[in-house]
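Please look over the sequence and the model shown below before reading on. The report then takes up selected side chains, their surroundings and their contacts.

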Amino acid sequence: SGSFGFAFFIQFVWLLLDVGILITWILYDKCTSFIKKTVLLLLVFTALYTLAYKADKWEFAAFLINLIMSVEFIRRTYQNCHCPNSIFIATAKLIGTLSATILCGLLYRNLLILWLGGLCLLADIYYVILLLTERKGKEYETS
């Protein structure tokens, strides 16, 4: 019971930080229409609803938020929004996702979390590659 409490605390903090980042990202995004922002926010709040009212699915909510964030970061990179994209933040997100996937998916043998964590991890790896490619391309530009 003690390890579950600690795991829940870590996952809950992770979820809250991701929600804060994602909501800020969506609200201040100049490249996304009002309708897309509304749909994304509804997805975020649906995941939060899952957390609040379905206590046995709290890990699912955290991974769902993380997957939405990963897809949103990739989408904005393709839109050339000229947003500050940090390889450090992307790598930290990747490591955090991997850690949470190992903790909740492998140690607790949760197949759904393994799948969601795997999807998040693939998206995070792809995002890091996009940022590295974008940075490499800028190194070759001449003024």
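## Basis of the report

This is a predicted model, in which local features need pLDDT of at least 70 and side-chain atom pairs count only at pLDDT 80 or more, while totals for chains, interfaces and linings use all residues. Residues are numbered from 1 along each chain as its sequence is written, and side-chain values use heavy atoms, with hydrogens and water left out.

## The pair Lys93 and Asp124

Lys93 lies in helix H4 (residues 87-107), and Asp124 is placed in helix H5 (residues 111-139); helices are DSSP runs of H or I with at least four residues, numbered from the N terminus. Asp124 forms a salt bridge with Lys93, with the closest N and O atoms 2.9 Å apart, a salt bridge being a side-chain nitrogen of Lys or Arg within 4 Å of a carboxyl oxygen of Asp or Glu. Because Asp124 lies in H5 and Lys93 in H4, the pair ties together parts that are 31 residues apart in sequence. Side chains of opposite charge can pair when their charged atoms come close.

Lys93 has a relative accessible area of 11% and is therefore buried, and Asp124, at 2%, is buried as well; buried means under 20% relative accessible area, exposed over 50%, and partly exposed in between, with a 1.4 Å probe and protein chains only.

## Polar surroundings of the pair

The side chain of Lys93 also makes a polar contact with the side chain of Asn66, at 2.7 Å, and the side chains of Asp124 and Ser70 are joined by a polar contact of 2.6 Å. A polar contact is a pair of N or O atoms within 3.5 Å; within protein, one must be able to donate a hydrogen and the other to accept it, and residues adjacent in sequence count only if both atoms are side-chain atoms.

Not counting residues up to four places away in sequence, Lys93 touches Asn66, Met69, Ser70, Phe73 and Asp124, where contact means heavy atoms within 4.5 Å. With the sequence neighbours up to four places away again left out, Asp124 touches Asn66, Ser70, Lys93, Leu94 and Thr97.

## Helix H4

H4 has 21 residues and reaches 29 Å from its first C-alpha to its last, close to the 30 Å expected at 1.5 Å a residue; the expected span is 1.5 Å times one less than the number of residues. The buried residues of H4 include Ile87, Leu94, Thr97 and Cys104. Just after H4, Arg109 takes a positive phi of about 50°.

The salt bridges come to a count of 2. One of them joins Glu72 and Arg75, whose closest N and O atoms are 2.3 Å apart; both residues lie in helix H3 (residues 58-78), 3 residues apart, about one turn of the helix. Glu72 counts as buried, at 3% relative accessibility.

Tyr78 is also found in H3. Tyr78 and Leu130 are 52 residues apart in sequence and 8.8 Å apart in space, C-alpha to C-alpha, and, leaving aside neighbours within four places in sequence, Tyr78 is in contact with Tyr126 and Leu130.

Ile10 lies in helix H1 (residues 2-27) and, at 37% relative accessibility, counts as partly exposed.

Terms used. Helices (H or I, at least four residues) and strands (E, at least two) are DSSP runs, numbered from the N terminus.
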